[in-house]
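The entries below are kept in the order in which I looked.

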Amino acid sequence: MIGLYPGSFDPLTLGHENIINRALKICDKLVVAVSQDNQKQAFLSSEQRFNLIKSIYDNHTNVEVLVYQGLTADFAKKINADFIVKGLRNSSDFIAESQMAQLNKVQFSKLDTIFLDSTDLYRSISSSLVKQIYQLDGDISQFVSAKTLQFLSELK
Ligand code: PNS
């Protein structure tokens, strides 16, 4: 089974890594796909986000990292994904994510979305807040992995 984990990952947080590690238990291969169309102001370029995720999962033969443009449903069809995986942190995520799951399924009827309930430790972490704290010179070492921290510090 091929799982697709699409997102902005701007930057990848410990919350994302937790979802990736748990998703690997329910699929043979997980495609972590960086969307270039997410309506959000980008902090890292899609190439930087790709490079960071690739460096973290370099030794995982069951993780493929890709960048895509356009609709997630079209991309899922293109890579022959069996399902999408998303994490749910709270009720706001539930509303937004279930809406996307339904619309993705309308576009590609085979495509179900499997939701993983966020681990409590990571429920409050979002890329937007992490990037804000980082840009204001705060300490983000509790929210991202050592590799992400190093990657970001090398950009400064
Ligand atoms: O990490 P995010 O920001 O929660 O990811 C959201 C993402 C990239 C998965 C979503 O914005 C998306 O699917 N964008 C691609 C364009 C698309 O398919 N839009 C319609 C969704 S129903």
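These are my notes on a predicted model.

**Entry 1: strand β4**

I began with strand β4, residues 83–88, and asked how many of its residues are buried. Six of its six residues are buried, so I noted the strand as mostly covered.

Next I looked up the pairing of β4. With strand β5 (residues 112–117), β4 pairs in the parallel sense over six bridges. In that pair I located Gly 87 opposite Leu 116 of β5. With strand β1 (residues 2–7), β4 also pairs in the parallel sense, over two bridges. I looked up the partners here: Gly 3 has Phe 83 of β4 as its bridge partner, and Leu 4 has Ile 84 of β4. I also recorded that β4, helix α4 (residues 91–107) and β5 make a right-handed β-α-β unit.

**Entry 2: Lys 86**

Lys 86 lies in strand β4. Is Lys 86 buried or exposed? Its relative accessible area is 15%, and the cut-off for buried is under 20%, so Lys 86 counts as buried.

I then listed what Lys 86 touches, leaving aside its neighbours within four places in sequence. The contacts are Tyr 5, Pro 6, Glu 97, Thr 113, Ile 114, Phe 115 and Leu 116.

**Entry 3: the largest pocket**

I turned to empty space. Rolling a probe the size of a water molecule over the atoms shows where such space is left. The largest pocket has a volume of about 1100 Å³. Of the 47 residues that line this pocket, I noted those closest to its centre: Gly 7, Lys 40, Lys 86, Glu 97 and Met 100. The elements that give two or more residues to the lining are β1, α1, α3 (72–78), β4, α4 and α5. Which element gives the most to the lining? It is α4, with nine residues.

**Entry 4: strand β1 and its crossover**

I went back to β1. This strand is mostly covered, with five of its six residues buried. Six bridges join β1 to strand β2 (residues 29–35), and the two run parallel. I found Gly 7 opposite Val 34 of β2. From β1 the chain crosses through α1 to β2, and I recorded this β-α-β crossover as right-handed.

**Entry 5: the loop between β1 and α1**

I checked backbone angles next. As background, most residues other than glycine have a negative phi, and most peptide bonds are trans. Phe 9 is not a glycine, and I read a positive phi of about 50° for it. Phe 9 has its place in the loop between β1 and α1. With a relative accessible area of 2%, Phe 9 is buried.

Pro 11 is found in the loop between β1 and α1 as well. I looked up the peptide bond from Asp 10 to Pro 11 and found it cis, with omega near 5°.

**Entry 6: helix α5 and what comes after**

Which of its residues are buried? They are Ser 127, Val 130, Lys 131 and Tyr 134. These residues cover an arc of only 95° around the axis, so they sit on the same side of α5. I then asked what they pack against, and the partners are α1 (14–23) and α6 (146–155).

Just after α5, I noted Asp 137 with a positive phi of about 65°. Asp 137 lies in the loop between α5 and α6, and it is a residue other than glycine. Is Asp 137 buried or exposed? It is exposed, with a relative accessible area of 60%.

Notes:
Residues are numbered from 1 along each chain as its sequence is written. This is a predicted model: local features need pLDDT of at least 70, side-chain atom pairs count only at pLDDT 80 or more; totals for chains, interfaces and linings use all residues. Side-chain values use heavy atoms; hydrogens and water are left out. Buried means under 20% relative accessible area, exposed over 50%, partly exposed in between (1.4 Å probe, protein chains only). Helices (H or I, at least four residues) and strands (E, at least two) are DSSP runs, numbered from the N terminus. The arc is that of the directions from the helix axis to the C-beta atoms. Contact means heavy atoms within 4.5 Å. Two strands pair if DSSP finds at least two bridges between them. A crossover is right-handed if, with the strands pointing away from the viewer, the path from the first strand over the helix to the second runs clockwise. On a 1 Å grid over the protein atoms alone, a cavity is a set of points where a 1.4 Å probe fits but cannot get out, and a pocket is an open set with protein on both sides within 12 Å along at least five of seven lines; lining residues have an atom within 4 Å of a point. Grid points are joined across faces, edges and corners, and a volume is the space filled by probe spheres set on the points.
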